[in-house]
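Here is a friendly walk through a protein model for someone meeting it for the first time. Have a look at the picture, then read on.

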Amino acid sequence: MSLALVLEQLLNGVQFGLMLFLMSAGLTLVFGVMGLINLAHGSLYMIGAFLCAAVAGATGNFWLGLMAGIAAAAAAGALIEMIVIRRLYARDHLDQVLATFALILILSEGVRMVFGPFPLYLNVPDSLRGTVSLGVVDYSLYRLALIGFGLAVAVGLWALIAKTRLGIQIRAGSTDREMIAALGVNIRALYTIVFALGAALAGLAGALVGAIQSVQVGMGEPVLIVAFVVIVIGGIGSIKGAMVGALLVGVIDTMGRFLLPRIFATFMDTSQAMGVGAALASMLIYLLMALVLIFRPKGLFPAHG
Amino acid sequence: MKTLRTTALAALTAGAMLGQAQADTVTVGMITTLSGGGAGLGVDVRDGFLLALEMADAHDINLVVEDDAQRPELAVQIAERMIQSERADILTGIIWSNLAMAVVPSTVAQDIFYISPNAGPSALAGANCHPNYFNAAWQNDMLHEAAGQHANVLGYENTFIMAPNYPAGTDALTGFKRYFEGELAGELFTQVGQTDYAAEIAQIRASGADSIFIFLPGGMGISFMRQFEQSGVDLPIVSAGFSFDQDVLPAMGSAALGVINTSQWSPDLENAANEAFVAAFQDAYGRLPSLYASQGFDTANLILSALSSADVADKDGFRDALRAADFASVRGDFSFAPNHHPVQTVYVREVVEVEGVLTNRIIGTAFEEHRDVHGENCTM
């Protein structure tokens, strides 16, 4: 096992983590500000990927597709908030889960009706093809760009929340929504904006990841489950927690898949070790979540003290 | 679109007028995957099956189609409902081996026929074989055995092998290893439905392999190929046709060009049945058929051939009629081994581009009259 391989796996873990961050940031923001559990977040990820693939396919330009994906996800998010979600704020989480689960089914079937049951073609842009040398290892340029995108969005999100007027309102809204409504902030518009922002982040993640994965109906749900693990670990409602949680989950999942079968192979038959190692690796992030819940029931960075 | 009935209205009314209700119609229950990531496979099996009924002008079959969403517990519920309330005579349609393992044993035990258009787990071909279970596609290991055999022909000596961790995945690696004579540079199980293969590709790169064998059906294969292309790892891939057929090739794009894969069927296979099938499928659905569609088509024709010579209520007679496999398979010669799994030729194909569309072309033959090894353990 060489240093190059370990380094490459670390980069893979960080890249996976940053894409998870894009998903979980929106999820945690929506929960933190509006107290809403949104299971349909994965569908927005799917919408971003499908629109990106469709527009990139029609125009031949990935970046146009990417913008279309983000815009479509944001628009879908705003629309969903105004039509459905708005009626759920006062209700308990079980009603929210039920309604947003119904949205998953509706959006999945809707996308299938429009685009058909077969996966779409979406390739990485020409400018980001191939590999780049990082000294000891040749790394995929596109994955490196994904790391860059993830970091840029993280910084942008931090600046938005810490430095702008909208950010102040978002922070205030998550602490005391009655008070900021009393101070004259249009809370309905704020909620729509926050939901659309979360949706845009999911759409961005879907479009970016869609270029190296299969753009297909139902692609959002596996990511959604992991994104929930991330925000439970990080502390529900905390952007910082989402960042730390996402990187932890990304690196631990990747390293687990890589190392566990090897560890088992030292004292077991290879085929058996691969099976057991792979099975255990797929549980690793849930074990991590369980551990965090035992010692820090509100996550690593609880949003509300 | 949950339930779809193709009963011809005319046949029903005629039957009703003669006062014999549905006595002459046979109910076929199709449980297949029509939603989620695996939907492309189920849609093709269904469309192939429907096309065969249409081409045969079969009005006496009442086909009930239900979506299992790739979930075993749902498939079990649907099977029970089809047997109990729809009074299905024959079940078919399941794509995934883990679902087949959940549904088939209890179905055939209730004296209902199950004819598999796809999944062929080793357990059902060997010790757990059953007189009412027929597989019209292949036993899982078969195409992978052919891939292992052809890897020898290509002179690969150090191959990295990988498959998802479920019954068909273990069958795939076992099948490949049964015939491959070289060394294994590495062996990996991935998760079912996994979307990111960065960790696996890094290990392939570090392993010093001279070639790769993968079994990643549906969207898993698309994700892998897309990421493999961007990784800069330049190794030849040999695979079974499942991961490189018409359901995924358009989405894979140029990454798949030149990949060698094995299959019992190919769109360019030259026989009258296949030429008619490929043309009619394109006509009806506006796309090229996949091997899954060919299997759905053959399954329907197998059932039709048996129905034409025996009554489904006469279980022994119908079983014998199925066993005779007296139909023109689109794959050419086809017969059943004693364990009710196919004896057939397995071809070697290459992914090529024809008039801007990615498809497969036959470049050789891996096995002739090939049958699975599990049949030895089948005592019926």
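First, some housekeeping. This is a predicted model, in which local features need pLDDT of at least 70 and side-chain atom pairs count only at pLDDT 80 or more, while totals for chains, interfaces and linings use all residues. Residues are numbered from 1 along each chain as its sequence is written, chains are lettered from A and ligands numbered from 1 in the order in which they are written, and side-chain values use heavy atoms, with hydrogens and water left out.

**Two domains in chain B**

Let's start with chain B, which splits into domain 1 (9-138 + 269-336) and domain 2 (141-263 + 346-377); these bounds come from an automatic or database domain assignment. Their C-alpha centres are 27 Å apart. Where the two domains touch, 21 residues of domain 1 are in contact with 25 residues of domain 2 (contact means heavy atoms within 4.5 Å).

**Two meeting places compared side by side**

The table sets out buried area, meaning the accessible area (1.4 Å probe) that two parts lose on being put together, summed over both.

| Pair | Buried area | Share on carbon and sulfur atoms |
|---|---|---|
| Domain 1 and domain 2 of chain B | about 1600 Å² | 70% |
| Chain B and chain A | about 3100 Å² | 52% |

**More on the domain boundary**

Between the domains of chain B there are zero salt bridges, a salt bridge being a side-chain nitrogen of Lys or Arg within 4 Å of a carboxyl oxygen of Asp or Glu. Three residue pairs are in polar contact there, both residues at pLDDT 80 or more. That term stands for a pair of N or O atoms within 3.5 Å; within protein, one must be able to donate a hydrogen and the other to accept it, and residues adjacent in sequence count only if both atoms are side-chain atoms. On the domain 1 side, the touching residues comprise eleven nonpolar, eight polar and two charged. Here Ala, Val, Leu, Ile, Met, Phe, Trp, Tyr, Cys and Pro count as nonpolar, Asp, Glu, Lys and Arg as charged, and the others, Gly among them, as polar.

**Where chain B meets chain A**

Now for the two chains: 39 residues of chain B are in contact with 39 residues of chain A. In chain B, the residues that lose the most area to chain A are Q203(B), R226(B) and Q230(B), together 20% of what that side buries.

How many salt bridges are there between chain B and chain A? The count is three, and a search over all chains of the whole structure finds 21. R205(B) and E8(A) form a salt bridge at 2.9 Å, N to O. R205(B) sits in helix α8 of chain B and E8(A) in helix α1 (residues 3-34) of chain A, so this pair joins two chains. Helices (H or I, at least four residues) and strands (E, at least two) are DSSP runs, numbered from the N terminus.

Chain B and chain A also have 15 residue pairs in polar contact, both residues at pLDDT 80 or more. α2, β7 (183-190), α8 (198-207), α9 (219-231) and α10 (249-252) of chain B each supply at least two residues of the side that touches chain A. α9(B) gives the most, with eight residues. By class, that side of chain B has 13 nonpolar, 16 polar and ten charged residues.

**What the records say**

An unreviewed UniProt entry places "domain: Leucine-binding protein" at residues 25-352 of chain B; such annotations may be inferred rather than shown by experiment, and positions use the numbering here, with feature names shortened. Residues 25-352 of chain B are 44% helix and 20% strand.
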